[in-house]
Amino acid sequence: MIKHTVTALMLTATLTISSLSFAANFEQNMQLLGKNYKAFNQATNSTEALKALENMRIAALEAKQAKLMPQSGQSAQPTSTVLFDKLVTGIDQTKLLVQAGKLDEAKIEGKKLGQIRDLGHKVYR
């Protein structure tokens with residue numbers, strides 16, 4: 001009996017630590033997205049812009065693994081997975097403009113990334 005109790009306690013502790021770690025990783029990815037969104041908007045050349053966009057893409061793909069619950073009173077439309085997919089697509093489209101030497105156009109396109117962020121914060125923050 002004691003053996004089962006100890007095993008159950010260890011399992012509970014492991015799951016708790018795992019979920020705390022997951023939450024910390026998600027928060028880190030959100031901070032990376034914000035930091036690199038700012039860096040992209042302040043970029044003065046394509047190298048800086050591409051680095052920021054690539055960092056954003058990596059953070060978005062990692063954050064996408066979280067299944068977020070909407071705030072009370074908010075519908076779950078779009079789902080967090082759909083929002084992260086839109087974000088990655090937007091990053092890829094913006095990246096293509098930068099690679100084509102159209103940094104100013106890319107920054108205009110990049111404003112859509114901020115709109116996706118704002119929608120996500122409205123529903124899931």
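Residues are numbered from 1 along each chain as its sequence is written, and side-chain values use heavy atoms, with hydrogens and water left out. Because the model is predicted, local features need pLDDT of at least 70 and side-chain atom pairs count only at pLDDT 80 or more, while totals for chains, interfaces and linings use all residues.

The largest pocket has a volume of about 530 Å³. Of the 20 residues that line this pocket, M30, L33, F84, R117 and H121 are the closest to its centre. A pocket is here an open set of points on a 1 Å grid over the protein atoms alone, where a 1.4 Å probe fits and protein lies on both sides within 12 Å along at least five of seven lines; lining residues have an atom within 4 Å of a point. Its volume is the space filled by probe spheres set on the points, which are joined across faces, edges and corners. Helices α1 (2-42), α3 (80-99) and α4 each supply at least two residues of the lining, and the largest share, seven residues, comes from α1. Helices are DSSP runs (H or I, at least four residues), numbered from the N terminus. By type, the lining divides into 12 nonpolar, five polar and three charged residues. In this division Ala, Val, Leu, Ile, Met, Phe, Trp, Tyr, Cys and Pro count as nonpolar, Asp, Glu, Lys and Arg as charged, and the others, Gly among them, as polar.

The whole structure contains five salt bridges, a salt bridge being a side-chain nitrogen of Lys or Arg within 4 Å of a carboxyl oxygen of Asp or Glu. One of them joins the side chains of K95 and E54 (2.6 Å, N to O). Because K95 lies in helix α3 and E54 in helix α2 (residues 46-63), this pair ties together parts that are 41 residues apart in sequence. Another joins D85 and K64 (2.5 Å, N to O). This pair links distant parts of the chain, with D85 in helix α3 and K64 in the loop between α2 and α3, 21 residues apart. D85 is partly exposed, with a relative accessible area of 33%; partly exposed means between the limits for buried (under 20%) and exposed (over 50%), with a 1.4 Å probe and protein chains only. D118 forms a salt bridge with R117, the closest N and O atoms being 3.0 Å apart.

K107, in helix α4 (residues 103-124), is buried yet has no salt bridge, and the nearest side chain of opposite charge, D104, is 5.8 Å away. For charge, Lys and Arg count as positive and Asp and Glu as negative, whereas His and the chain ends are not counted. Not counting residues up to four places away in sequence, K107 touches F40, N41, Q42 and A43, where contact means heavy atoms within 4.5 Å.

N29 is found in helix α1 and counts as buried at 6% relative accessibility. With residues up to four places away in sequence again not counted, N29 touches A59, E62 and A63. G120, found in helix α4, counts as buried at 13% relative accessibility. G120 and P78 are 42 residues apart in sequence and 8.6 Å apart in space, C-alpha to C-alpha.
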